[in-house]
Amino acid sequence: MTDAAAEPVTVPSSRDAGRRLILAVSRVWAWVFLAGLIAFFTVSVSITSDGVINFLSIRNAEITLMTITAVVLMGLGQTFVIISGGIDLSVGWIMGLSSVVSAEVMLALFEAGVDQWIAVAAGFGAALIVAALFGATSGTIIAKLGVPSFIVTLGVSFVARGVALIISGGNVVSGLPPAARDLGNEALFYVVPGEGGGISLLTKPDVAGEALRGMERVLQWPVVITGIVVLLGAFALARTQFGRHTYAIGGSRVASLRAGVPVDRMTILIFTLSAVTAGLAGCLYTARFTGGSAIAGEPLLLNSIAAVIIGGVSMFGGRGNVMGTVIGSLIIAILVTGLIMLGVDPFWQFIVIGVVVILAVLIDQARDLVAGRAEAA
Amino acid sequence: MDTLTAAPDVPAPVEPPMLAVVDLVKRFGGLTAVNGVSLEVRAGEVVGLVGDNGAGKSTLIKCISGVHQGDEGEVLLDGQPVRFAKPIDARRAGIETIYQDLALAGNLDVSANIFLGREVRRRVVPGVHTLDEKRMLEESRKVLESLDIRIPRFRAEIDNLSGGQRQAVAIARAVYWKARLMIMDEPTNNLGVPEQRKVLSLIGTLKSQGVPVILISHTLPDVFAVTDRIVVMHRGRKVAEKATASTNSTEIVEYMVGARDDFRPEH
């Protein structure tokens, strides 16, 4: 009992306090930044439009969510890949390939007289299988032959691009069943404003004219599907052995190998997962626009990587989470729609996104420095 | 728990040594890195393996831990010949190697590292398992306690721990997974003096728990402090095997530089 008095008592120094502050800021900055952006655009859009345009409307939120589904899905797979210490450059063209494959299969079955919903399901299934094969191929080459993922996925990206363009002949694959359109655009809820309006679950209200124009679709199916997949991904990364091994491989491949982590199998699975999430993005694109396009995902690759980085996933591997990627995607989407609604020349978007990406990495590095990771690295 | 008086005149059956290396040869092209080395390690024994750089110490232990496979001779575990194709095979047989670095994932915490590759899982619904973090934390705390290892920042990432703490975690992991033989390659390198002492005292703890240790070190005072026997290698051959109590560092150095050789070939 008397010994206790002799024990050195640790007093948190002011240096520790500053350190904790930086760590805390680095953890929540993306949330704060996102909230700040929404507040900023709500006020500024309202002022510049003399109160006519409401940035915080359901419709704007729905448009934003629909816009980011592809980026979020690609970013989800990319999150696993980058945390495990790799990079996947093929997701853009794999999304395009899946869009084309799903459309072609739907079209062929629909024209052959198959039930339209079965045709749509088969289109999704076929596209996801093709995507999985591409991802598994990348993963196998990376794991078994030791070629850097940057190079393998760059090569696979070109292959996917070629295959997608050959299958589609460079055209948009159209003439799809109405079921595809419904899946890509209808929603969980419908809100009809005004008299005789209300909220309707699942069934589309039978309205016309002004009421139809004012009707809001809340949680459209692509958003719902993306949401479910993101939740599953977040669960897998945070709570399962698969997720733990993803972090471990990114932290130290050698240590993971020595500990008996099936590094090769994990690498193949992670790249397959990345391709499948990109493939799902392609399928949802096909449904949303009722047409398959080879170039559907090409402009989104860099956006998805930017979203992952803004969300705090370290490019050196071993660090990050799914929620960060979702926030990163939201930040990009809100920047883009906000700037457009402010009437800013759209080319400024790129500059702003670029600055935010670099800012995110700087914050990441500051945290590493403070956490004492830099000296160990 | 029989007392020795039970049958004093009947010699106890001689158990085969835990590890026996017999006439092991390992060649790399024209170079013979390990040349006919034999070595025995018994339960609770700490054996020092010393020699100059390039003497073949590392190659020898890599042949034991499954990184390399010997070209001639054999490795016996409890008297049974074994052949490890990969390090993980040796590990499964209970041979754990503690490296200076690269043994832990720096971005994971203590418990995640102790259970890395062998995570405890819980079934949520059929086919879906989650990590049983609570159980792994409890078990990790227990094993650290049993080795008298204190890590105040238990949930911190390994990268934020000191070198000695990391070494201790690696040892704790080996102990938790019931290592039957521990190979330590320069475990005190890059450590501060108090941390070196801690690692050496951990070797003592292992010994008292019956886990034999092969210690590779250039630091002779460390070797003399904790070993029972010292094996000296020079140019791929074993040149001396001495009880630690009956030798001194001057003599060991003479063996290390090749000035003395107890096993000089006849021809």
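Student: What should I know before I start?

Tutor: This is a predicted model, in which local features need pLDDT of at least 70, side-chain atom pairs count only at pLDDT 80 or more, and totals for chains, interfaces and linings use all residues. Residues are numbered from 1 along each chain as its sequence is written, while chains are lettered from A and ligands numbered from 1 in the order in which they are written.

Student: How many helices and strands does chain A have?

Tutor: Helices (H or I, at least four residues) and strands (E, at least two) are DSSP runs, numbered from the N terminus. By that reading, chain A has 16 helices and three strands. Its C-alpha trace spans about 85 × 60 × 45 Å along the principal axes.

Student: What does the radius of gyration say about chain A?

Tutor: The radius is taken over C-alpha atoms, and the globule rule is 2.2 Å times the number of residues to the power 0.38. For the 377 residues of chain A the rule gives 21 Å and the model has 23 Å, which is close, so chain A is as compact as a globular protein of that length.

Student: And how do I read burial and contacts?

Tutor: A residue is buried if 20 or more other C-beta atoms lie within 10 Å of its own, exposed if 12 or fewer, and partly exposed in between, with C-beta atoms placed from the backbone. In chain A, 45% of the 377 residues count as buried. Two residues are in contact if their C-beta atoms, placed from the backbone, lie within 7 Å. Of the contacts in chain A with a separation of 6 or more, 77% join residues 24 or more positions apart.

Student: What span should helix H12 of chain A have?

Tutor: The expected span of a helix is 1.5 Å times one less than its number of residues. H12(A), residues 263–289, has 27 residues and should span 39 Å; its end C-alpha atoms are 39 Å apart, which agrees. Because 23 of those 27 residues are buried, H12(A) is largely enclosed by the rest of the structure. Thr290(A) follows the helix with a positive phi, near 50 degrees. Just after H14(A), Gly343(A) has a positive phi of about 80 degrees.

Student: Where do S7 and S8 of chain B pair, and in what sense?

Tutor: Two strands pair if DSSP finds at least two bridges between them. S7(B), residues 121–125, and S8(B), residues 128–131, pair in the antiparallel sense over four bridges. Arg122(B) stands opposite Thr130(B) in S8(B). The two strands form a hairpin with two residues between them, and Gly127(B) in the turn has a positive phi of about 90 degrees.

Student: How many residues does each chain give to the contact between A and B?

Tutor: Chain B gives 21 residues and chain A gives 22. On the side of chain B, helix H2 (87–92) and S8 are the elements that give two or more residues.

Student: What about Ile158(B), buried or exposed?

Tutor: Ile158(B) is buried, with 24 other C-beta atoms within 10 Å. Its place is the loop between H4 (133–146) and H5 (163–176) of chain B.
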